Amino acid sequence: QVQLAESGGGLVQPGGSLRLSCAASRSIFSFNGMGWYRQAPGKERELVATITTITASGTTNYADSVKGRFTISKDNAKNTVYLQMNSLKPEDTAVYYCNAYSRLGNIYWGQGTQVTVSL
């Protein structure tokens, strides 16, 4: 069973930054890709960013709402994917989830980490 452990959430003021981490229990090369999703209260879970992990470099994809502010990256040696979030806005407040999708079509989710952007 794959374990995904997120960390790095917290309370930050508007305009601030946070970096989320997602550590996988096995090599991220075993997945086609990994991503970050978020879910705000009363809303559907939505895609934030994805990165392919089947190759060393990785191709990234972002939701329009975070382009230019968020950056997804990976450390193959640490089996970890990161989400650097800059210029945070109150509307970025949500529970952020890490996921991984395997070559066999399996999807794995982390437990989520709360990000709150408020004065």
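**Notebook: a threonine, a disulfide, a phenylalanine and the core**

I began at Thr80, whose side chain reaches the backbone oxygen of Lys78 at 2.8 Å; I count a polar contact as a pair of N or O atoms within 3.5 Å, where within protein one must be able to donate a hydrogen and the other to accept it, and residues adjacent in sequence count only if both atoms are side-chain atoms. I note that this is a predicted model, in which local features need pLDDT of at least 70 and side-chain atom pairs count only at pLDDT 80 or more, while totals for chains, interfaces and linings use all residues. Residues are numbered from 1 along each chain as its sequence is written, and side-chain values use heavy atoms, with hydrogens and water left out.

I placed Thr80 in strand E8 (residues 80-85); helices (H or I, at least four residues) and strands (E, at least two) are DSSP runs numbered from the N terminus. I recorded Thr80 as buried because its relative accessibility is 7%, the classes being buried under 20% relative accessible area, exposed over 50% and partly exposed in between (1.4 Å probe, protein chains only). Setting aside neighbours within four places in sequence, I found Thr80 in contact with Ser21, Cys22, Ala23, Ile28, Ser73, Lys74 and Asp75, contact meaning heavy atoms within 4.5 Å.

Cys22 is joined to Cys98 with an S to S distance of 2.0 Å, and the link of Cys22 and Cys98 is left-handed, at -75° about the S-S bond. The pair connects distant parts of the chain, with Cys22 in strand E3 (residues 18-24) and Cys98 in strand E9 (residues 94-102), 76 residues apart. I checked the accessibility of each: Cys22 is buried at 0%, and Cys98 is buried at 0%.

I then turned to Phe29, which lies in the loop between E3 and strand E4 (31-39) and which I logged as partly exposed because its relative accessibility is 32%. Beyond its neighbours within four places in sequence, Phe29 is in contact with Thr53, Ile54, Thr55, Ala56, Asn76 and Arg103. Phe29 and Val2, 27 residues apart in sequence, are 13 Å apart in space from C-alpha to C-alpha.

Of its 31 residues, Leu4, Met34, Trp36, Leu83, Met85 and Tyr96 touch the most other members. At least two residues of this core come from each of E3, E4, strand E5 (46-52), strand E7 (70-75), E8, E9 and strand E11 (113-117).

How values were computed. A disulfide is a pair of cysteine sulfur atoms within 2.5 Å. A nonpolar core is a set of buried Ala, Val, Leu, Ile, Met, Phe, Trp, Tyr and Cys residues joined through side-chain atoms within 4.5 Å.
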